[in-house]
Amino acid sequence: MSVFMDLNLLFSEDRTRLQNLVETAAHLGFSTVAVNYVFEPSAKKKQEVPAPRPINELIGQLPVVQGRSRPIRVLNRLTVVMSDASHFRPNAPEYRRFDLLAVQPTTEKLFHAIDRGVVFEISYAAAIRDATMRRYTIANAVCLMESCKGKNVILASAAEKALELRGPYDIINLGQLFGLSDSDSKESVSSTCRGVLLHAETRKTASGVVFTMKIQQEALQDSADSEAPAAKRAKAT
């Protein structure tokens, strides 16, 4: 039986909204989720990297995963919106507090500078919120699949609220719409996610780094020129 994961639930100060997100994910059959904090460094002023909140402060009781006898596993993730390579310091103490690190390059130059251990992340929630974003997300996802042959891709929600979440098999069908084969689409919410987590563990032990790229937010920018990865050309380590 596959273990399904959604490695991108957007953090919210609203505890009720976050609780609903996690409960819905568990009900849909996700065994692991990651709460995503987004950080955008500025060259003009010094900013503090957000500290992840202890899960027990955000969520009272972890819900049991549908069809399983254990509670959902909740990790924390930091996504750095990177306009300069110096913004990403994976071994910095403040970054090591997170289970997962992701990078969202804002320029094509930075995107191409990332060439090893890349895992691309396509997030679909924006496509649910907006028809224009739906077109960009699908078009960019199809383009990405042609480049990477459907390998090293994870599908995640980047959901802000529970209504934006979809079940694992709905996402697998969506992956096929993006151009993934049936097997690659299933791996994008299971084994490939597991591989990302294993690589992330090495960051805490042997300073290993893995990147995950997103395809949704670049769609926002590239709706002006030519979007980059859509769920956030991010890089998760």
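**A strand and its surroundings**

A: From strand β5, Val118, Phe120 and Ile122 point one way, Val119, Glu121 and Ser123 point the other way, and all are buried. Here, buried means under 20% relative accessible area, exposed means over 50%, and partly exposed lies in between (1.4 Å probe, protein chains only). Strands (E, at least two residues) and helices (H or I, at least four residues) are DSSP runs, numbered from the N terminus. The model is predicted, so local features need pLDDT of at least 70 and side-chain atom pairs count only at pLDDT 80 or more, while totals for chains, interfaces and linings use all residues. Residues are numbered from 1 along each chain as its sequence is written, and side-chain values use heavy atoms, with hydrogens and water left out.

Because six of the six residues of β5 (residues 118-123) are buried, this strand is largely enclosed by the rest of the structure.

The partner of β5 may be considered next. Strand β6 (residues 153-156) runs parallel to β5 and is joined to it by four bridges; two strands pair if DSSP finds at least two bridges between them. Within this pairing, isoleucine 122 is placed opposite leucine 155 of β6.

Isoleucine 122, together with Ile72, Leu78 and Tyr95, touches the most other members of the largest nonpolar core, which has 42 residues. Such a core is a set of buried Ala, Val, Leu, Ile, Met, Phe, Trp, Tyr and Cys residues joined through side-chain atoms within 4.5 Å. Another core, of 11 residues, lies apart from it and includes Leu75, Val119, Ile154 and Leu197. In soluble globular proteins, nonpolar side chains tend to be buried together.

Glutamate 121 has a polar partner: its side chain makes a polar contact with the side chain of arginine 77 (2.8 Å). A polar contact is a pair of N or O atoms within 3.5 Å; within protein, one must be able to donate a hydrogen and the other to accept it, and residues adjacent in sequence count only if both atoms are side-chain atoms. Arginine 77 belongs to strand β3 (residues 73-82), and its relative accessible area of 1% makes arginine 77 buried.

Eight bridges join β2 and β3 in the parallel sense, and valine 33 is found opposite valine 74 of β3.

The loops on either side of β6 deserve attention as well. Most residues other than glycine have a negative phi. Asparagine 152, in the loop between α5 (131-148) and β6, has a positive phi, near 55°. Alanine 158, in the loop between β6 and α6 (168-177), has a positive phi too, near 60°. Asparagine 152 counts as partly exposed at 45% relative accessibility, whereas alanine 158 is buried, with a relative accessible area of 1%.

Finally, β6 is in turn among the elements against which the buried residues of α6 pack, along with β1 (4-10), α1 (15-28), β2 (30-39) and α7 (182-187); contact means heavy atoms within 4.5 Å.
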